[in-house]
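Subject: Structure handover

Hi,

Here is the structure for you to look over. My notes on it follow below.

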Amino acid sequence: METRGRALRADAERTVLTILEAAERVLAADPTASMEQIAVAAGVARTTVHRRFATREALVEALATWATERFHQAVTAARPLTSPPLVALHQVTANVLQVKIGWSFAMSRTAPSDPEAARVHADVLAQCDRLFRRAQEAGLMSADTDLKWARRVYYALIHEAAEEGREIVDVGAVDQLAARVVDTLLHGVGAPVQPLPRTTVGGVGSSGRDADEHPGSR
């Protein structure tokens with residue numbers, strides 16, 4: 001009897017996941033889609049959808065909760081606090097992009113006011129900050145880098161990469177997007193700065209100031 005109960009629970013969980021995945025596909029294409037359209041996409045009866053989710057709002061809320069959990073798992077699975085910083089940074093980026101691209105509608109419905117969503121995002125932020133500190137200590141970022149600003153830039157880069165990757169279904173392409181985000185974060189888009197030549201002509205340095213003169217001596 002207990003084995004049968006576990007099988008029934010597992011079957012119910014698979015049904016719920018099938019409905020959520022179908023809801024993401026349908027609502028990402030048409031946010032006004034009905035429960036019936038979602039049922040058709042999931043390959044189940046409309047009554048099955050209503051049995052799992054009493055209302056459309058309940059389905060959307062469950063979808064947002066599922067996406068929040070996936071987002072949290074994506075970050076922690078990359079082991080940002082124990083993997084080598086560069087490896088962790090790339091894996092976190094790739095994992096998060098997979099969620100943001102694959103669950104775009106659901107991620108857009110996560111409410112900051114929701115206690116669970118707020119807890120998840122606070123934990124992700126804390127893990128990101130610790131990863132950035134580790135990256136700085138490893139020399140991937142300069143010692144004077146403002147890490148809060150770097151994190152904000154990183155979040156913006158991920159957002160833009162996710163927008164670009166909406167049509168991507170190939171995991172390799174997502175990995176390339178992640179590599180571009182990390183490279184842009186760590187190296188920027190400008191050409192390497194060339195040091196000015198330290199020539200001295202007639203006692204005058206390259207800056208045009210007397211070589212013996214110190215800043216503030218005037």
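H5 passes H7 in a left-handed crossing. A crossing is left-handed if the near helix is turned anticlockwise from the far one by less than a right angle, and right-handed if clockwise. This is a predicted model, where local features need pLDDT of at least 70, side-chain atom pairs count only at pLDDT 80 or more, and totals for chains, interfaces and linings use all residues. Residues are numbered from 1 along each chain as its sequence is written, and side-chain values use heavy atoms, with hydrogens and water left out.

**H5 on H7**

Helix H5 covers residues 85-102 and helix H7 covers residues 115-137. Their axes are 9 Å apart, and the packing angle is about 145°. Axes are lines fitted to C-alpha atoms, for helices over the stretch in contact, and angles run from 0 to 180 degrees between N-to-C directions. From H5, Pro85, Ala88, Leu89 and Val92 meet Leu131, Phe132, Arg134 and Ala135 in H7. Contact means heavy atoms within 4.5 Å. By class, the contact of H5 with H7 has seven nonpolar residues, one charged and no polar. Ala, Val, Leu, Ile, Met, Phe, Trp, Tyr, Cys and Pro count as nonpolar, Asp, Glu, Lys and Arg as charged, and the others, Gly among them, as polar.

**H7 on H8**

H7 passes H8 in a right-handed crossing. The axes of H7 and H8 come within 10 Å and cross at roughly 115°. On the H7 side, the contact is made by Val124, Leu125, Cys128, Asp129, Phe132, Arg133 and Gln136. H8 brings Leu147, Ala150, Arg151, Tyr154 and Tyr155. Eight of these residues are nonpolar, one is polar and three are charged.

Take Leu125, in helix H7. Leu125 touches Arg151 and Tyr155, not counting residues up to four places away in sequence. Leu125 and Arg151 are 26 residues apart along the chain, with C-alpha atoms separated by 8.8 Å. Leu125 counts as partly exposed because its relative accessibility is 32%. Buried means under 20% relative accessible area, exposed over 50%, and partly exposed in between (1.4 Å probe, protein chains only).

**The largest pocket**

The largest pocket has a volume of about 420 Å³. Of its 23 lining residues, the closest to the centre are Phe71, Val96, Lys100, Tyr155 and Ile158. H4 (56-77), H5, H6 (104-108), H7 and H8 (147-164) each supply at least two lining residues. The lining divides into 14 nonpolar, six polar and three charged residues. A pocket is an open set of points on a 1 Å grid over the protein atoms alone, where a 1.4 Å probe fits, with protein on both sides within 12 Å along at least five of seven lines; lining residues have an atom within 4 Å of a point. Grid points are joined across faces, edges and corners, and the volume is the space filled by probe spheres set on the points.

**Whole chain and two single residues**

The protein chain has nine helices and zero strands. Helices (H or I, at least four residues) and strands (E, at least two) are DSSP runs, numbered from the N terminus. Of the 218 residues, 34% count as buried.

Thr18 lies in helix H1 (residues 2-29). Thr18 is partly exposed, since its relative accessible area is 33%. Thr18 and Ala41 are 9.3 Å apart, C-alpha to C-alpha, and 23 residues apart in sequence.

Arg79 lies in the loop between H4 and H5. Phi of Arg79 is near 50°, a positive value in a residue other than glycine.

Best wishes
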